[in-house]
Amino acid sequence: MRTRNPFPKKLDFTGLVELTHGTGGKVMAQLVEQLFAAAFDNRYLSQRNDQAVVEPPVGKLVMTTDGYVVSPIFFAGGNIGSLAVHGTVNDIAMAGARPLYLSSAFILEEGFPLADLKRVVDSMAKAAMQAGVPIVTGDTKVVERGKGDGVFITTTGVGVIPVGVTPPSGDRAKPGDVVLVSGSMGDHGVAILSQREGLSFETTIESDSASLHTLVADMVTVCPDIHVLRDPTRGGLATTLNEIAWQSGVGFKLEERAIPVKPQVAAACELLGIDPLYVANEGKLLAIVAPQDADKVLAAMKANPLGKDSARVGTVIEDENGFVQLETSFGGSRILDWLAGEQLPRIC
Amino acid sequence: MRFIEEFRDGTVARQVASQIVAEARRDRDYKIMEFCGGHTHALCRYGLIELLPKNVEMIHGPGCPVCVLPIGRLDQAIELARQPNVMLCAYGDMMRVPGKDRVSLMRARAQGANVRMVFGANDALKLARANPDKQIVFFAIGFETTTPPTALAVKTAQAEGLENFTVFVNHVLTPSAIEAILGSPEAKEGRIRVDGFVGPGHVSTIIGTQPYERFARDWNKPIAVSGFEPLDLLQSILMIVRQLNEGRHELENQYTRAVNSAGNLKAQRLTEETMELRPSFEWRGLGTLQASALKLRPEFAKWDAEARFTMPYEAVADHKACACGDILKGLKKPTDCKIFATACTPESPIGSCMVSPEGSCAAYYLYGRHRTSPTPEPERRTA
Amino acid sequence: MCLALPAKVLQLDGPDLCTVDLGGVRQKVNLGLLDDVKVGDFVIIHVGYALTKMDPIEAEKTLALLRQEGQPVPATA
């Protein structure tokens with residue numbers, strides 16, 4: 001039975017991250033105990049081991065990993081911590097899977113305020129709790145000032161595909177399939193941009209960052225054979241569809257009028273000269289389903305609060321060129337090309 | 001978005017387009033150059049070209065300041081960014097343009113150069129105030145629309161006595177580019193057929209419509225100065241078709257809500273006060289043009305990067321196979337170029353027309369590649 | 001070239017500075033190129049500067065002309 005308290009003085013959150021916080025000694029142990037473990041609080045972490053022992057699930061195991069380097073760290077609608085949970089949960093969910101466990105590795109920069117770290121960790125804990133997915137193991141390292149941008153987080157997740165569900169995959173889109181999106185495009189990217197130095201524009205747009213596994217669960221319940229599920233993160237809807245077009249060897253025909261975009265997102269994109277279809281989303285998914293399944297999947301999406309603005313936006317077509325075509329509101333058409341990199345604001 | 005969405009009404013657009021179809025005579029074709037890169041962008045973004053009859057052809061003009069900037073000038077900017085203590089501020093449009101050895105500002109940044117993307121001259125000024133130990137150089141590009149903000153920034157730097165702020169001026173003039181097309185040897189030989197112009201809209205808010213009058217008068221070309229929304233463009237194209245049908249060659253102003261004959265006199269004065277004409281300036285794709293570009297006046301040498309820094313200039317010729325010069329003048333189409341979409345693509349652009357999304361070749365590549373089957377001729381109204 | 005958009009002036013913030021609204025997004029814009037801008041005016045903004053005022057009456061005139069195009073011309077008796 002443990003009676004000795006090795007940390008007589010409580011962790012002072014007004015201080016800064018120092019190199020000793022990463023060296024494995026008592027200072028680090030206190031940081032882990034009084035910040036990470038206290039926030040994430042579950043029976044796996046409370047064992048204080050470097051690994052978690054878990055029961056293997058029944059069904060196909062799914063695993064994913066992501067690095068989070070977002071800047072600014074805090075933004076309207078979330079921060080790097082909540083993003084680190086939602087993003088990884090979503091990668092699991094896009095396999096049609098139920099997320100089970102998360103791990104998180106932190107790389108902290110010397111000098112990063114502990115108060116900010118606490119905000120990030122508390123957000124992560126809240127997101128994980130709301131998603132019902134425990135953070136069961138983790139790691140902490142500290143790098144010298146100037147060698148890290150405040151904090152980098154790497155989150156790994158494992159999940160299980162329920163028996164009877166055929167895993168969606170990017171190479172399963174077939175001509176005739178219907179493309180659905182779960183809501184408005186471009187919110188996250190605009191929320192981030194509005195806080196970058198120099199743009200000096202203000203919006204009330206918040207990041208849409210959210211865990212989508214319950215939405216996916218509702219969808220696979222009515223349709224265990226969804227062909228493709230993907231969250232259009234960096235590069236937005238257009239980039240994601242280009243990737244899928246390439247993987248599946250098909251083309252797409254989208255209807256511009258059908259794609260939901262919030263008015264302020266449209267306005268902010270106009271000001272910057274960028275296209276909302278290429279702007280990142282962190283709480284939306286696209287689904288490609290067989291035509292006979294489209295109505296019931298769309299209905300299931302709309303019934304979930306995370307998918308209330310869901311819409312049917314286009315179809316998959318035969319096209320050996322793999323173009324993603326957009327029918328404009330004028331009846332003209334253009335290609336949504338696969339851009340080399342992110343769109344940069346323009347003056348011309 | 002007030003006064004934007006109304007000009008994007010699809011139903012009205014289709015009606016105006018059908019009017020163009022109805023009025024375009026079948027016994028001739030109409031070759032109309034939209035000068036401005038922003039107009040090219042709008043034509044493509046809204047799929048307007050497909051709404052036009054086949055005998056109304058839009059030729060994409062050289063009004064893209066990114067496209068016409070010579071590689072040598074970009075290399076000078078990159079060299080500056082590599083100097084110890086210099087922070088080079090550039091618009092997003094310039095960041096990925098490849099210079100010598102395929103090095104862009106972005107690649108130079110990865111290699112250690114201090115390059116910052118900014119959204120306006122104001123941001124560069126803010127950086128200068130916040131970093132007194134650094135030399136902030138603002139890489140100023142653009143036609144007459146973007147020049148007055150640069151002029152204002154220089155005057156602000158002067159008023160505040162900012163010692164660490166300079167501008168690398170690359171502002172160019174629109175009438176000179178139009179002149180280069182109309183007055184080129186090929187035009188004189190009758191090889192360039194441009195029947196009329198959709199004139200630049202936002203440049204004209206500054207310089208007014210008056211500078212274009214001589215093109216309509218002396219070259220017998222109808223001009224319609226146009227706004228940037230799709231309805232503006234369609235109306236301007238209709239105005240030009242009508243002028244050509246009626247044998248007129250006048251300057252018309254479609255963008256009356258923002259443009260008048262005289263322009264913004266205060267902005268013109270500011271530009272005049274701070275800048276003067278360069279005797280000549282190299283334009284990528286168009287050759288060396290007289291009196292076509294601006295530099296800071298000697299009184300403002302303290303804020304002139306070319307006065308503060310030693311900047312050797314090395315002209316870089318375009319690739320032998322590049323057809324941009326001819327494309328910019330409307331002599332060739334992008335698809336006529338031997339390296340279009342093969343060696344020359346938006347990811348690895350070889351010529352100026354591919355360099356920015358508004359260059360002719362980039363616009364063709366990005367927006368039109370999928371039209372492998374011929375588009376049906378828009379229906380003519382018989383009523 | 002020249003990405004420029006009409007926006008409504010919401011408030012004047014000081015010498016040569018104002019806040020505009022475009023579709024619910026607010027931006028700080030420099031007024032140094034114009035004189036006599038009032039709250040409620042529409043201005044055309046480019047790279048954070050107002051280039052000129054936009055005339056709502058002319059805008060409506062242009063829209064009216066546009067809406068007439070392509071309409072069947074009433075038959076004259």
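This is a predicted model: local features need pLDDT of at least 70, side-chain atom pairs count only at pLDDT 80 or more; totals for chains, interfaces and linings use all residues.

Q: Fine. What does the secondary structure of chain A come to?

A: Eight helices and 14 strands.

Q: And does the radius of gyration of chain A agree with a compact globule or disagree?

A: It agrees. For 348 residues, a compact globule would have a radius of gyration near 20 Å, and chain A has 22 Å. The C-alpha atoms fill a box of roughly 75 × 50 × 30 Å along the principal axes.

Q: How much of chain A counts as buried?

A: Of its 348 residues, 53%. As for contacts in chain A with a separation of 6 or more, 85% come from residues 24 or more positions apart.

Q: Sheets next. In what order do the seven strands of the open sheet in chain A run?

A: S9-S11-S7-S12-S10-S13-S14, with mixed pairing. Strand S9 (228–230) and S14 of chain A are at the edges. Each has a single partner strand, so one side of each is left without a neighbour in the sheet. From one strand to the next, the twist averages 25 degrees.

Q: Which helix packs on the sheet?

A: Helix H6 (residues 236–248) of chain A. H6 touches S7, S9, S10, S11 and S13 of chain A, and its direction makes about 135 degrees with that of S13(A).

Q: How do S7 and S11 of chain A run, parallel or antiparallel?

A: Antiparallel. Four bridges join strand S7 (residues 178–181) to strand S11 (residues 286–289) of chain A. A:Val179 has A:Ile288 as its bridge partner in S11(A).

Q: Now S13(A). What do its side chains do?

A: They alternate along residues 324–327. A:Val324 and A:Leu326 point to one face and are buried.

Q: Why would side chains alternate?

A: Because in a regular strand they alternate between the two faces of the sheet.

Q: What does S13(A) pair with?

A: Strand S10 (residues 251–255) of chain A pairs with S13(A) in the parallel sense over four bridges. There, A:Glu255 has A:Glu327 as its bridge partner. S13(A) is also joined to strand S14 (residues 333–335) of chain A, antiparallel, by three bridges. In that pairing A:Leu326 stands opposite A:Arg334.

Q: What sits between S13(A) and S14(A)?

A: Five residues, and the two strands form a hairpin. A:Gly331 in the turn has a positive phi of about 85 degrees.

Q: Switching topic. Where does A:Asp50 lie?

A: In the loop between helix H1 (26–40) and strand S1 (60–68) of chain A.

Q: Why does A:Asp50 count as exposed?

A: Because A:Asp50 has 7 C-beta neighbours inside 10 Å, and a residue is exposed at 12 or fewer.

Q: OK, chain B. How many of its residues are in contact with chain C?

A: 41 residues of chain B, against 34 residues of chain C. H1(B) gives the most to the chain B side, with five residues. By class, that side has 21 nonpolar, 16 polar and four charged residues.

Q: And what domains does the assignment give chain B?

A: Domain 1 (5–63 + 183–253), domain 2 (67–173 + 263–308) and domain 3 (324–368). The centres of domain 2 and domain 3 of chain B are 26 Å apart, over C-alpha atoms. Their contact takes eight residues from domain 2 and nine residues from domain 3. On the domain 2 side, the residues are five nonpolar, one polar and two charged.

Note on methods
Residues are numbered from 1 along each chain as its sequence is written. Chains are lettered from A and ligands numbered from 1 in the order in which they are written. Two residues are in contact if their C-beta atoms, placed from the backbone, lie within 7 Å. Ala, Val, Leu, Ile, Met, Phe, Trp, Tyr, Cys and Pro count as nonpolar, Asp, Glu, Lys and Arg as charged, and the others, Gly among them, as polar. Domain bounds come from an automatic or database domain assignment. A residue is buried if 20 or more other C-beta atoms lie within 10 Å of its own, exposed if 12 or fewer, and partly exposed in between; C-beta atoms are placed from the backbone. Two strands pair if DSSP finds at least two bridges between them. The radius of gyration is taken over C-alpha atoms; the globule rule is 2.2 Å times the number of residues to the power 0.38. Axes are lines fitted to C-alpha atoms, for helices over the stretch in contact, and angles run from 0 to 180 degrees between N-to-C directions.
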